Each structure stands twice: as structure tokens, then as C-alpha cells.
Amino acid sequence: MNGTHLDLLPVISLTAPANLTTNTTDNTPEFIFNVSDDLFTQSFLNCSLWMGNASTTAAYGTNNTVFNRTKTVITANSTLNNGPYEWWINCSDGVDPIYYQMDRTNKSEVRNITISITPPDLIPPIVNLSSPANNTWIKNESRGIDFVFT
């Protein structure tokens with residue numbers, strides 16, 4: 001051994017969502033991962049959530065202070081339209097200590113998620129008043145109002 005230290009690339013493990021998940025409740029879901037690294041050049045990692053679909057690939061969130069071997073959550077920072085997406089995490093542990101122009105980035109496995117959010121019912125309910133009858137005047141009585149809505 002001559003004292004040379006090999007700076008290893010970050011190793012990224014995806015936790016959630018599982019591959020082939022269909023999300024029906026949230027169009028800005030959380031993505032959970034863990035990353036381990038020898039952290040030779042800095043004390044934390046820079047990680048980004050990447051997503052792609054048929055029309056675009058872009059970063060949907062970044063955490064620039066990810067600690068080694070710590071569960072990390074990145075929430076999609078933009079509303080996702082319904083449809084299928086690929087997603088992955090990229091993490092960097094800085095610049096190579098010998099080849100200063102070389103970025104030290106690694107990419108996780110690629111997983112698939114489908115966003116399928118049903119929009120809320122935008123039609124207002126129909127309310128039918130059952131009693132009292134229209135134009136009825138009730139004096140000194142405590143009466144209820146009956147109605148049906150659909």
C-alpha cells in the first residue's frame with residue numbers, strides 16, 4: 001500500500017415507492033432512499049430525484065446535505081400529471097481528489113411509478129327541500145328542515 005486512497009462512488013439504495021407502484025392519492029409523492037459512501041472529499045452528499053416520462057426528463061427535487069447511511073426523503077417539487085414515470089436518484093460526493101475535473105456521481109436503479117389521481121367531483125350537489133313546503137310560515141314552533149341531496 002502506498003498511501004493512495006481510492007475514492008469510491010456513492011452506492012444508492014431505493015426504499016420507496018416500490019417498483020411498479022400506482023399512486024392514487026398524491027401527485028407530489030415522497031421518494032425514500034439511503035446512500036452510503038466513503039466521503040473522502042466532503043462530509044455529506046448531494047442527491048437529486050430524477051423523473052422521466054414520454055415527453056420530458058427532469059430533476060424533481062434536490063437535497064444538498066444528505067448524510068451518509070441515513071434514510072432520506074425527497075418530495076417531488078412539482079405536481080406530477082397522471083401517467084407513467086421512471087424515477088431514480090443521483091448522488092455526488094464531490095469532485096475527484098486526483099482528477100479535479102471529474103464529478104463523483106452515481107445513479108441508483110431505475111424504478112417505475114404511475115400517477116393516477118382521480119380529480120374531485122366538480123359538479124355541485126343537487127339539493128331538494130322536502131319540508132317545510134315553499135312559502136310556509138311557522139310561528140312559535142321548533143321545526144326541522146328536511147332535505148335530500150344527490
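Q: What is the order of the strands in the open sheet?
A: Strands of a sheet pair through backbone hydrogen bonds, either parallel or antiparallel. In this predicted model, the open sheet of 3 strands has the order β1-β3-β6, with antiparallel pairing. A strand here is a DSSP run (E, at least two residues), numbered from the N terminus, and two strands pair if DSSP finds at least two bridges between them.

Q: Which are the edge strands?
A: Look at β1 (11-16) and β6 (72-75): each pairs on one side only. On average, neighbouring strands of this sheet are turned by 35° against each other, direction ignored. For that angle, axes are lines fitted to C-alpha atoms, and angles run from 0 to 180 degrees between N-to-C directions.

Q: How many bridges join β1 to β3?
A: There are 5 bridges between β1 and β3 (residues 30-36), and the two strands run antiparallel. For one example, take Ser13: its bridge partner in β3 is Asn34.

Q: Which cysteines does the disulfide join?
A: A disulfide is a pair of cysteine sulfur atoms within 2.5 Å. The structure holds 1 disulfide, and it joins Cys47 to Cys91, S to S 2.1 Å. The link is right-handed, with 115° about the S-S bond. Cys47 sits in β4 (residues 45-52) and Cys91 in β7 (residues 83-95), 44 residues apart, so the pair links distant parts of the chain.

Q: Why does Cys47 count as buried?
A: Buried means under 20% relative accessible area (1.4 Å probe, protein chains only). Cys47 counts as buried because its relative accessibility is 0%, and Cys91 counts as buried at 0% too.

Q: What about the numbering and the cut-offs for this predicted model?
A: Residues are numbered from 1 along each chain as its sequence is written, and side-chain values use heavy atoms, leaving out hydrogens and water. Local features need pLDDT of at least 70, side-chain atom pairs count only at pLDDT 80 or more, and totals for chains, interfaces and linings use all residues.

Technical notes
Helix = DSSP H or I, 4+ residues; strand = E, 2+ residues; numbered from the N terminus. Buried < 20%, exposed > 50% of the residue type's maximum accessible area, 1.4 Å probe, protein only.
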